[in-house]
Amino acid sequence: MKVIEVKDLKKYYGEIKAVDGISFYVEEGEVFGMVGPNGAGKTTTIECIEGLRKRDYGDIKVLGEEPYNNKKLYKRISIQLQETNYQDKIKIYEILKLFSSFYDKPLNSEELLNKFNLYDFRNSFVMKLSGGQKQKLSIILALIPDPQILFLDELTTGLDPKARRDMWDFIKEMKERGKTTFLTTHYMEEAENLCDRVAIIDKGKIIALDSPRNLIKNSGLEDSIIFEGENLNIEELEKIKGVSRVFLENKKITIFGKGEDLLKNVVDYLYMRKINFKNLKTKSPNLEDIYLSLTGKKYEEVKNE
């Protein structure tokens, strides 16, 4: 069942085409991710789907309804924004009580505080929380209505590595409960680990959309084998089955190629010729590599949006 349907969505700001005719859908129970460089159109897209921004053209359906200015829909979806401001002189338990009063069947706020390790801070003022704690609070507030669809914008920004992994586990728990999650992230590892499908958006258009596994499989990118050695013949290395390219820099060799037996073929070659080597490591393409190959943008630029 499709719980989000987007057809030919367009949103312009003057001559700037923020979103330029994109179409996609999200299935019930799916974890759907959207990634892209600065100004790609991610935020505009998700805000149009959430009903926070009016589109210029196209059709959007969320749980079968028009999302823009639809107050009834906010009983069924929930949003964690990238940046959220709260009153300074309000305590955590107070803001949780306030948000819980908005819904007929809110989740237990104390259980959520325990899950996100904030229970001991329930009597603290929001202004006293660290950046990571505020991020956890914003996610708790988004979870209180027990939504059918959860929108997460930069889910783990500001969280330490353990808290990030804990958050990943929670998203997986949500999926097991049949909940749908739509997230944007600048962490390619996060998208690769969490998402059933990922849309890569650039210059207002979706340039790739598939499961992380299929995006990697169909990318055409090669595996690499890196090691240090001496008396190596590049022309001979290039003749090894599965090898396409070989680069030598000082004593460091990088071999590119494809095939399940690529590593075995290279190591057999080295042993048969009694060539000493060390510090051998392998690298397979990941979602970050796909992103870079499609957008041409450095990953550091993306993380600093």
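The chain holds eleven helices and 13 strands. The model is a predicted one, with a mean pLDDT of 89 over the chain and 97% of its residues at 70 or more. One stretch, residues 298-305, has a pLDDT below 50; beyond near neighbours in sequence, this stretch makes 21 contacts in the model. The C-alpha trace spans about 75 × 45 × 35 Å along its principal axes. Of the 305 residues, 45% count as buried. Among contacts with a separation of 6 or more, 67% are between residues 24 or more positions apart.

The aromatic residues come next. A pair of aromatic rings is described by two quantities, the distance of the centres and the angle of the planes. The count of aromatic pairs in this model comes to ten. In one of them, the ring centres of phenylalanine 32 and phenylalanine 182 lie 5.3 Å apart with the planes at 45 degrees, so the pair is tilted; the tilted class takes the angles left between stacked, under 30 degrees, and edge-to-face, over 60. Phenylalanine 32 belongs to strand 3 (residues 31-35) and phenylalanine 182 to strand 7 (residues 180-184), so that the pair links distant parts of the chain, 150 residues apart. Phenylalanine 32 and phenylalanine 182 are both buried. The two also belong to one aromatic cluster, formed by Phe24, Phe32, Phe151 and Phe182.

Another pair joins phenylalanine 102 and tyrosine 103: the centres are 6.4 Å apart and the planes stand at 70 degrees, so this pair is edge-to-face. Phenylalanine 102 has a relative accessibility of 41% and therefore counts as partly exposed.

Two rings have a charged side chain over the face. Lysine 10 is placed over tyrosine 57, at 5.3 Å from the ring centre. Arginine 164 is placed over the face of tyrosine 187, at 4.2 Å from the ring centre.

Arginine 197 is located in strand 8 (residues 197-202), and its relative accessibility is 15%, so it counts as buried, the limit being under 20%. A polar atom of the arginine 197 side chain lies 2.6 Å from the backbone oxygen of tyrosine 25. Not counting residues up to four places away in sequence, arginine 197 touches Tyr25, Val26, Glu27, Glu30, Val31, Phe32, Gly33, Leu209, Asp210, Ser211 and Pro212. One of these, Phe32, is also a member of the aromatic cluster described above.

Lysine 42 is found in helix 1 (residues 42-50). With 4% relative accessibility, lysine 42 counts as buried. Its side chain reaches the backbone oxygen of proline 37 at 3.4 Å.

Helix 10 can be followed from one end to the other. Asparagine 286 caps the N-terminal end of the helix, with a side-chain oxygen 3.1 Å from the backbone nitrogen of glutamate 288. Within the helix (residues 287-295), Leu287, Ile290, Tyr291 and Thr295 are buried. Viewed down the axis of helix 10, the buried residues fall within an arc of 105 degrees, so they line one face of the helix. After helix 10 comes glycine 296, which has a positive phi, near 70 degrees.

Terms used
Residues are numbered from 1 along each chain as its sequence is written. This is a predicted model: local features need pLDDT of at least 70, side-chain atom pairs count only at pLDDT 80 or more; totals for chains, interfaces and linings use all residues. Side-chain values use heavy atoms; hydrogens and water are left out. Rings of Phe, Tyr and Trp (its six-membered ring) pair if their centres lie within 6.5 Å; planes under 30 degrees apart count as stacked, over 60 as edge-to-face and the rest as tilted. Helices (H or I, at least four residues) and strands (E, at least two) are DSSP runs, numbered from the N terminus. Buried means under 20% relative accessible area, exposed over 50%, partly exposed in between (1.4 Å probe, protein chains only). A charge sits over a ring if NZ of Lys or CZ of Arg is within 6 Å of the ring centre and within 35 degrees of the ring normal. The arc is that of the directions from the helix axis to the C-beta atoms. A polar contact is a pair of N or O atoms within 3.5 Å; within protein, one must be able to donate a hydrogen and the other to accept it, and residues adjacent in sequence count only if both atoms are side-chain atoms. Contact means heavy atoms within 4.5 Å. pLDDT is the predictor's confidence in each residue, from 0 to 100.
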